[in-house]
Amino acid sequence: MMSPFIRKILYIISPVALFLFAFAPFAYATPQIKGSFDMHEHFRVNGNMGLYLKVARGLGIKKTVFVPTGNTPDNAGYKEHMAALLEEQKKYPDRIIAFCSIDEADPDAPKIFDKCFNEGGKGLKIIGGHTKFYDVPLNNDIMKQVFKIAQDRDVPVMVHVSIITLPTA
């Protein structure tokens, strides 16, 4: 006799397994879409860019937007990741679009963003909308300066948002 726990697990897993086995052959027959863009990959120092670009090419991805992402709570380490990403963009200018990142609470954020842009950054990714990175409102005085730079330079800004947890004022 089968335990109720095992029966419940099989009840959940069986339809999923059936679906996967039924459609697995199509995974190998998916046509490549020529000239696709990957609009959002996180970059950290010591990642294997060569391997990523090889896989991306095999999937028909022509260019990728990379965003340098540090650790919570203040995007710690992002400056190192950003500098390395800008170097990778120099090596693969036809494949990599490097975005800048900042710590939204850092009074030097406008200078850091401007420096990144001057060194080749093509846009800005604001990670502070993520609940684990949120520490200041994104309409603070520092960010108003950052947004002004982005507007003056006519560069795109991506904002990470979260609908899971809303920060309190």
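Predicted model: local features only at pLDDT ≥ 70, side-chain atom pairs only at ≥ 80, totals over all residues.
K62 is found in strand β2, and at 47% relative accessibility K62 counts as partly exposed, since buried means under 20% relative accessible area, exposed over 50%, and partly exposed in between, with a 1.4 Å probe and protein chains only.

Residues are numbered from 1 along each chain as its sequence is written, and side-chain values use heavy atoms, with hydrogens and water left out.

Now the overall layout. The chain holds five helices and six strands, where helices (H or I, at least four residues) and strands (E, at least two) are DSSP runs, numbered from the N terminus. Read along the sequence, these elements follow the pattern α-β-α-β-α-β-β-α-β-α-β. Of the 169 residues in the chain, 34% are buried, and among contacts between residues at least 6 apart in sequence, 72% join residues at least 24 apart.

Let us turn to the sheet. Three strands form an open sheet in the order β1-β2-β3, with parallel pairing, and two strands are taken to pair if DSSP finds at least two bridges between them. The edge strands are β1 (36-43) and β3 (96-98), each of which pairs on one side only, and the twist averages 25° from one strand to the next. Strand β2, residues 61-68, is joined to β3 by three bridges, and the two run parallel; within β3, A98 is the bridge partner of F66.

Two helices lie across these strands. Helix α2, residues 49-58, lies across β1, β2 and β3 and runs at about 140° to β2, whereas helix α3, residues 78-91, also lies across β1, β2 and β3 and runs at about 145° to β3. For these angles, axes are lines fitted to C-alpha atoms, for helices over the stretch in contact, and angles run from 0 to 180 degrees between N-to-C directions.

Which residues form the aromatic cluster? It consists of F43, Y52 and F66. The structure holds two aromatic pairs, and the rule is that rings of Phe, Tyr and Trp (its six-membered ring) pair if their centres lie within 6.5 Å, with planes under 30 degrees apart counted as stacked, over 60 as edge-to-face and the rest as tilted. F43 and F66 form an edge-to-face pair, 6.3 Å centre to centre with 85° between the planes, and this pair links distant parts of the chain, with F43 in strand β1 and F66 in strand β2, 23 residues apart. F43 counts as buried because its relative accessibility is 6%, and F66 is buried as well, with a relative accessible area of 3%. Y52 and F66 also form an edge-to-face pair, 5.2 Å centre to centre with 75° between the planes, and here Y52 in helix α2 is linked to F66 in strand β2, 14 residues apart.

Next comes the disulfide, meaning a pair of cysteine sulfur atoms within 2.5 Å. A search of the whole structure finds one, which joins C100 to C116 with an S to S distance of 2.1 Å. The pair links C100 in strand β4 (residues 100-101) to C116 in helix α4 (residues 109-118), 16 residues apart. Why is this disulfide called left-handed? The torsion about the S-S bond of C100 and C116 is about -90°, so the disulfide is left-handed. Both cysteines, C100 and C116, are buried.

Finally, the nonpolar cores, each being a set of buried Ala, Val, Leu, Ile, Met, Phe, Trp, Tyr and Cys residues joined through side-chain atoms within 4.5 Å. The largest has 24 residues, and those with the most contacts inside it are I102, F113, L124 and V146. The elements giving two or more residues to this core are α2, α3, β3, α4, β5 (124-126) and α5 (141-153), with the largest share, five residues, coming from α5. Leaving aside its neighbours within four places in sequence, V146 is in contact with I102, A109, P110, F113 and L124. Apart from this core lies another, of five residues, among them V65, I97, F99 and M158.

How values were computed. Contact = heavy atoms within 4.5 Å.
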